[in-house]
Amino acid sequence: MENKGWKDRGVIDGEPIKVKKVIHRCEKKWCPKCKKTFQAKPDLLPRSLYGNTLIANACVMHYVHGIPVGRLEEMFGRDISLGTLFKVFHRIAEI
Ligand SMILES: [Zn+2]
């Protein structure tokens, strides 16, 4: 066969779900009267490793769409662990 060049074919495609580290900057102030430092609280679950957007997406994917937690772990990648996802779901259930 003889070469006749290339024909391009465009499709709409997706990417795996991306998770990234987000830094929440919490302002600290010192009160000269109390001699104490006060720190603003971030808009996060206390001591949670995961942010609200990730948590909300994971909840909808699992509880609304029925995606198993093990599958979520695969979809989100290795920064997200099965055990931590379960703990987050249980914490959300108590709010
Ligand atoms: Zn004070």
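Ile55, Ala58, Cys59, His62 and Tyr63 in helix H1 meet Leu85, Val88, Phe89 and Ile92 in helix H3, where contact means heavy atoms within 4.5 Å. By class, this contact has eight nonpolar, one polar and no charged residues. Here Ala, Val, Leu, Ile, Met, Phe, Trp, Tyr, Cys and Pro count as nonpolar, Asp, Glu, Lys and Arg as charged, and the others, Gly among them, as polar.

A quick word on the ground rules. This is a predicted model, with pLDDT of at least 70 needed for local features and 80 or more for side-chain atom pairs, while totals for chains, interfaces and linings use all residues. Residues are numbered from 1 along each chain as its sequence is written, and side-chain values use heavy atoms, leaving out hydrogens and water.

Back to the helices. H1 covers residues 52-64 and H3 covers residues 82-94; helices are DSSP runs (H or I, at least four residues), numbered from the N terminus. Their axes come within 11 Å and cross at roughly 90 degrees. Those axes are lines fitted to C-alpha atoms over the stretch in contact, with angles running from 0 to 180 degrees between N-to-C directions. H1 and H3 are therefore roughly perpendicular to each other, a label that goes with angles of 65 to 115 degrees.

Asn52 also sits in H1. Leaving aside residues up to four places away in sequence, Asn52 touches Asp43, Leu44 and Leu45. Asn52 and Glu2 are 50 residues apart in sequence, and their C-alpha atoms lie 57 Å apart in space.

Now for the metal. The zinc ion has Cys31 (SG) and Cys34 (SG) as its protein donors, 1.9 to 2.1 Å from it. Donors are N, O and S atoms within 2.8 Å of the metal (3.2 Å for Na, K and Ca), and water is not among the atoms, so sites may look incomplete.

There are two salt bridges, each a side-chain nitrogen of Lys or Arg within 4 Å of a carboxyl oxygen of Asp or Glu. Here they are:

| Salt bridge | N to O distance |
|---|---|
| Lys29 and Glu27 | 3.9 Å |
| Arg71 and Glu74 | 3.1 Å |

Arg71 and Glu74 are three residues apart in helix H2 (residues 69-76), which puts about one helical turn between them. Glu74 is exposed at 59% relative accessible area, whereas Arg71 is partly exposed at 42%. Buried means under 20%, exposed over 50%, and partly exposed in between (1.4 Å probe, protein chains only). Lys29 is exposed too, at 52%.

Definitions and conventions:
Helices (H or I, at least four residues) and strands (E, at least two) are DSSP runs, numbered from the N terminus. Angles under 35 degrees count as roughly parallel, over 145 as roughly antiparallel, 65 to 115 as roughly perpendicular and the rest as oblique.
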